[in-house]
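User: I'm new to this structure and would like to learn how to read it. Could you walk me through it?

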Amino acid sequence: MNARLTTVLACAAAAAMLSCKGGDSPPRPWFEEEAAASGLDFVHDSGHRDLFLMPEVVSGGAALFDADGDGDLDAYLVQSGRVVDAPELRPENRLYLNDGSGRFKDTTAESGTGDRGYGMGVACGDVDDDGDTDLYVTNLGPNTLFTNLGDARFHDATASSGTGDGSWGSSAAFFDHDLDGDLDLFVVNYIEWYVTAELDCRDMMGLADYCSPLNYDAPAADVLYENVGRGRFRDVSAASGVGSERGNGLGVAVFDHDDDGFPDVFVANDGEPDHLWRNGGDGAFANVALAAGCALDHEGAAKAGMGVSVADVDDDGDTDLIVCNRNRESDSFFVNDGGSFRDRGSSAGLRVVSRSFTRFGLGWVDFDQDGRLDLYEANGRVERQSIPYADDPFAEPNLVLAGRPDGTFVEVLPRGGTREPVSATSRAAAFGDVDGDGAVDVLVVNRDGPVHLFINRVPDRGHWAAFRVLEASGRDALGASVLASLGERTLRRDVRAASSYLASNDPRVHFGLGRARRIEGVRVRWADGAVERFGDFDEGSVHELRRGNGDREAP
Amino acid sequence: MRAGILATLIATGCSNATPGAEPAIPDTSTVRAAPEVLELFDERTAQVRRAPRDGASWLALGMAYDSHQLFHMAEAAYGGAVHNAPDEPRAWYHLARMRAELGLLEEALEAMARSIELEEDYAPSHWRTGFWSLDLGRRDEAERAFTRATELAPEDGAGHVGLARVALERGASEVAVARLEAVLERDPRNGYARQLLGRAYKDVGRTEEAVAELEMAQHARPIWNDSWLLEIQREGTSLLDRLERIRAEVRAGRGAGALEVLEEIRRENPTNIAVLSTLTPALVQSGRIDRAIEVNEEALRLGRDHTRVHLNLALLLPQKGAFDLGLEHARRAVELNPASADAHLQHGRLLFEAGRNEEAAGELERALDRGNDRVSTHVTLARARALAGAPEQAARGLELAVSSHAESGELFAVLATVRAELSDIDGAWEAWRSSSRLGYPRSLLEGIADRIREAEARGRGE
């Protein structure tokens, strides 16, 4: 796209946003796209040639995690390739190590992480509790577990761990479901799909295109693996109840929705009611989504659930939930009220702006560090557009929405937060501070295109503080919550890697402080419910909070 | 270059929002579409070029774009319609709809207000105003609009459902419950009302009823009575639109009338699964089973080795006496798509007919596991299990099935038979009575009663 056209498009989009009433001075962009400059040369290949095979339209995962234990975020990018090709003919997944300044080097060959399955997503967690982060890759077909040998070299432990589920995996999440101190694994499966059963679908213009998952009528059951120690897992899907219901699962997030001390699992299903697996604490899970009010939208309709993000958006101490959906369907913003949800997408200002796009990766992040969570949505259609935004007929611009004190959100312009409009068929969005400046950046995988790295350049950002929250063993304390005072508000941010879409995010906890220079009364509520007090912290640093180093509060 | 078109359209869409601006015909030269769709656009565009001051031509052009979901272009063309025919309420109405699709709700409301000025008694204008007002958080305006819709069309659920939504947003959930229950009394198939009722029940603490309503309605989509919108839907020319219209004809039992058109579509798309899936039942409905077999076999010859083609043949061939061939096609359908409930079901049915009861039971269980929860599947499965020497399993399966199909006299009847075989005489009579209460045919019930009595006599050692 040439510069003149992109400018016209940006103005037109902005004009449409502002309802043709004109605007004031041009808004300042929030991000600069710096993937190529930073050394991330990954180009996703969905394998699409002439046929329209369903996996091609939903693949493309990413992780931001510390592979080599040097304290910065490395990038793992999940590749796909042609569905019909043998694995050895497919391109491999890639691992890029960060030199600490946000410059990356491809170390796939040395790392041993070049999986060649038809890749979908990735989850990160220290499964063997040895203090370094391991990788779980979901595929169309058997998934792969890579255990980290400690120096950014990995070992394929799929067979020995027993985690190679052979369905069509999408998102996955590590969490300690039984609170026994090690990480279990939840794997979301999409549909039971066979290339031999692919269908002929047409779009509104009468041309061949991808089908809806509902055309296949073949929802899949998800899988729960229990970590039984010594690097082995046991499939407890049937025993736990997780395998009892099927869905077209895409996104996943783990959080304790009813604050009973046990982590629950939310799964976004594409075109079907979402699942909320309530953890009974005795190994049994029950899907309570309908009763809890988060299976369907505010009108009772099942939408095309894609990505998921969870956070305490309204500062009331419990965890709220957002599920993004396809075009002509608004975001479902489920506000938690004592374990029961109400879809507030409309009153929060998300309904109108979101429904023009098909959203996949998303995250609640305080980009401008004003103490209010903002929302990022990575977009791209699942069917070809007759009048596309770019040469890629699936491409769409992303959305950034700024959180306001009244609980509503307003779109950040220029659209997508970049000076020049960027349109691509975006899938995974992973969030984390890549360049070490304290502000959260966004890594986006684009179907059949180069990856984007949006570096946070929000003008006049507020102050910040961040925390690496660790178990005594040194593993990231997934499931722990950090509570901190900021003036009269108590902010809660959780240690969580799995959310968004096919993605794993920086597990460090980030607080935007606005004008405040100090964050007070920091407490950690660990996954098992124990609470430790860590005191006050200054802005501008990443602080380590290790279990046992704080003052334990009486239960 | 195509990106520029969208930019221009967004801009022109806005500039056309007032009748004063001179409308421009959207450029369709780079729109990618099937030939029949492009032909429609070309025809309508030419019409506008011939009569650029004719509002009706602009309206027809807008409807062509609208029916193919080209919202920006439709908005521009409807802009041309209101410019040239400012007193045409339909043009303002559709312009409003397009603006709403583009997220321009304020502008949509302005256009709809103009449409209402011109034709006040069209109820959909009012309930659409209500829903957009609700999206903008204007409950009072929404309430006024919905109320007017109910006055104009008291039997139509839309206005009442809208008022229920207003009540829900105000926290007056009991009011919403009353309204929605009334809507459902008039129209039990209104899935949208059922969904909202589920939510309302939840709000008032009637959680079990809420879950039941939501489970029933989770796949429902709102269906609105809007004759002006129907005019748009009839405009669609893509294969999808044409097949959808034909399917509606077939569903209504008018498959024979659609055959000529379908055969023509098939000649252009001889291996298209959607076409074969529409043509096959239409041919069957008109008694042309041989032709149905022929078109599916031709698809196979052309290389379409697909589950649906095999399934069609598995259904058709046994009707013409080629049972073994039908069974082989069913097996191949399962092989190609093990996820297909239909494939397992058909394979299971044919295996059952072949007397291979154990294999049949396995396949029917797989069909059930994949969501084929039909009464007939449960019945065949129970029979296969019983004949395979597992009547206890058959009884257990039926007991589970009747809990979700409590209205099925047939299931209770089969349960009565199986229990009789197991010498559970009391249980058999209980199931028999349920079947009788549900209106299962008396003649069949008499036979089952005889079998229960025989089992009773056997039990007494007679």
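User: In which sense do strand 10 and strand 14 (residues 223-229) of chain A pair, and over how many bridges?

Analyst: Before that, some ground rules: this is a predicted model, where local features need pLDDT of at least 70, side-chain atom pairs count only at pLDDT 80 or more, and totals for chains, interfaces and linings use all residues. Residues are numbered from 1 along each chain as its sequence is written, chains are lettered from A and ligands numbered from 1 in the order in which they are written, and side-chain values use heavy atoms, with hydrogens and water left out. Helices (H or I, at least four residues) and strands (E, at least two) are DSSP runs, numbered from the N terminus. Two strands pair if DSSP finds at least two bridges between them. Here, strand 10 and strand 14 of chain A pair in the antiparallel sense, over 3 bridges. For one of the partners, look at A:Val187, which is bridged to A:Val223 in strand 14 of chain A.

User: Which bridges join strand 10 of chain A to strand 9 (residues 169-175) of chain A, and how many are there?

Analyst: These two strands pair in the antiparallel sense too, over 5 bridges. In that neighbourhood, A:Phe175 has A:Asp184 of strand 10 as its bridge partner.

User: Is strand 10 (residues 184-189) of chain A mostly covered or uncovered?

Analyst: The idea is to ask how much of a residue's area stays accessible: buried means under 20% relative accessible area, exposed over 50%, and partly exposed in between (1.4 Å probe, protein chains only). Strand 10 of chain A is mostly covered, with 6 of its 6 residues buried. A:Asp184, A:Phe186 and A:Val188 point one way, while A:Leu185, A:Val187 and A:Asn189 point the other way, and all are buried.

User: What order do the strands take in the 5-strand open sheet of chain A?

Analyst: Read across the sheet, the order is 36-35-39-40-42, with antiparallel pairing. Strand 36 (489-494) and strand 42 (551-552) of chain A each have a single partner strand, so one side of each is left without a neighbour in the sheet. Elsewhere in the order, strand 39 (residues 518-525) and strand 40 (residues 531-538) of chain A run antiparallel and are joined by 6 bridges. There, A:Ile519 stands opposite A:Phe537 of strand 40.

User: What pLDDT does chain B average?

Analyst: pLDDT is the predictor's confidence in each residue, from 0 to 100. Chain B averages 89, and 95% of the residues score at least 70. Residues 1-18 of chain B are below 50, yet this stretch has 43 contacts in the model beyond near neighbours in sequence; contact means heavy atoms within 4.5 Å. For the complex, the predictor gives an ipTM of 0.82 and a pTM of 0.86.

User: How many residues does each chain bring to the contact?

Analyst: Chain B brings 67 residues and chain A brings 55. Buried area is the accessible area (1.4 Å probe) that two parts lose on being put together, summed over both. Between these chains that comes to about 5,200 Å², with carbon and sulfur atoms giving 55%.

User: How many salt bridges does the rule find across the interface of chain B and chain A?

Analyst: A salt bridge is a side-chain nitrogen of Lys or Arg within 4 Å of a carboxyl oxygen of Asp or Glu. The rule finds 7 across this interface. Helix 1 (residues 2-15) of chain B gives the most to the side of chain B that touches chain A, with 9 residues. A:Glu192 and B:Arg370 meet in a salt bridge at 3.6 Å, N to O.

User: Where do the salt-bridge partners B:Asp87 and B:Arg114 sit in chain B?

Analyst: The closest N and O atoms of this pair are 3.5 Å apart. B:Asp87 is in the loop between helix 4 (71-84) and helix 5 (89-101), and B:Arg114 is in helix 6 (residues 105-118), 27 residues apart. B:Asp87 counts as exposed at 57% relative accessibility, whereas B:Arg114 is partly exposed at 24%.
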